[in-house]
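Thanks for making the time. I have one structure to go through this morning, and I will keep it short.

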Amino acid sequence: MATTHSAEAPDRDGLQEHFDATITRDQRIEPRDWMPDGYRKTLIRQIAQHAHSEIIGMQPEGEWITKAPSLRRKAILFAKVQDEAGHGLYLYSAAETLGADRADLTARLIEGRQKYSSIFNYPTLSFADVGVIGWFVDGAAICNQVPLCRSSYGPYARAMVRICKEESFHQRQGYELLLTMMRGTDAQRAMVQDAVDRWWWPSLMMFGPPDDASPNSAQSMAWKIKRHSNDELRQRFVDMTVPQADKLGVRLPDPELRWNEERGRHDFGTPDWDELKRVITGNGPCNDRRMERRRTAHEEGAWVREAATAHAAKQAARAKDGAAA
Ligand SMILES: [Fe+2]
Ligand SMILES: [Fe+2]
């Protein structure tokens, strides 16, 4: 068997060996390199899901752009939501280097065949939610994404470097908004506490199910797509956030949350995994609304895509005429 290699199937063993050695040496796999089908499929799924999350993630906060309490807050929020659109676009581009087609990925999202982060299926009830999303959701995104800057797939890792810089601005703008509100009136402080109470547990769920219920994690870690387990990342997020909550003067809604001297880390309660399951399978508080909005935006954008395609064709024709002349 080992000696019968056709032109279509070159030395498969050599390629696999080269791939494995690249991963072992902590070097990057690039689009031109051979990679196992499973690696390619896993990456496309993960990057697409990440891209969809950035795009759907524009909605909960986007609803507050027209209701921002000042010009300054409006400008900050506008910039942040625009950044998220940019993150989506870098990520769709990274998926395209693996042979995926962006229009196809969008179709999969709209038809409900690909997922996005569970967190964006919760409603934003007050302007304090904008601050808490920046603090918790962008904070959790940072915990997840900083290790992805060392992911084994080159285009994904490089996209993450830029995205993480912007996420850290997002987190700080959220925290700064909350600091301002906490220095305000009793009503404003109550709004912040209420938003913290509603977003804390869903934010912990952003890291995915516990390790023993996350069957694909081990393979992703062996491929060095993922660097840390869900539970490890969740723990990091809790350890990072508790001192920030103290400084802000809010209470995190977990009676089991306390410092564990022995472990040198915080102990904390168990998220409601049934709730996560419900939200992931389309039955969260805002799933229908988010998908409906995304579908409408896609339909309303059809003329832009047609115009851009016509323009590109015209440019190409002109370039060809110019070259022929
Ligand atoms: Fe983002
Ligand atoms: Fe962000």
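Predicted model: local features only at pLDDT ≥ 70, side-chain atom pairs only at ≥ 80, totals over all residues.

Start with the iron ion that is ligand 1. Which residues coordinate the iron ion (ligand 1)? They are Glu-54 through OE, Glu-84 through OE, His-87 through ND1 and Glu-167 through OE, at 2.0 to 2.2 Å. Read along the sequence, these donor residues have the spacing E-x29-E-x2-H-x79-E. The angles subtended by the 4 donor atoms run from 85 to 141°, which makes the arrangement around ligand 1 irregular. For reference, the ideal angle for four tetrahedral donors is 109.5 degrees.

Glu-84 sits in helix α4 and Glu-167 in helix α7, residues 154-182, so the pair ties together parts of the chain that are 83 residues apart in sequence. Buried or exposed, these two, Glu-84 and Glu-167? Both are buried.

Now the iron ion that is ligand 2. Its protein donors are Glu-84 (OE), Asp-138 (OD), Glu-167 (OE) and His-170 (ND1), and they lie 1.9 to 2.2 Å from the ion. Along the chain the pattern is E-x53-D-x28-E-x2-H. Ligand 2 also has an irregular arrangement, because its 4 donor atoms subtend angles of 90 to 156°.

How far apart do the two iron ions lie? The figure is 3.4 Å, and Glu-84 bridges them. Asp-138 is buried, as is Glu-84.

That leaves the backbone. Most residues other than glycine have a negative phi. Where does Asp-26 sit? Asp-26 is in the loop between α1 (12-24) and α2 (37-56), and its phi is near 65°, a positive value in a residue other than glycine. With a relative accessible area of 46%, Asp-26 is partly exposed.

The other case is Lys-224, in the loop between α9 (217-222) and α10 (230-248). Lys-224 is not a glycine either, yet its phi is positive, at about 60°.

To close, the item to keep in mind is Glu-84, which bridges the two iron ions. That is all from me.

Conventions:
Residues numbered from 1 in each chain as written. Chains lettered and ligands numbered in written order. Heavy atoms only, no water. Donors = N, O, S within 2.8 Å, 3.2 Å for Na, K, Ca; no water. Tetrahedral: all angles 85-135°; square planar, octahedral: opposite > 155°, others 65-115°. Buried < 20%, exposed > 50% of the residue type's maximum accessible area, 1.4 Å probe, protein only. Helix = DSSP H or I, 4+ residues; strand = E, 2+ residues; numbered from the N terminus.
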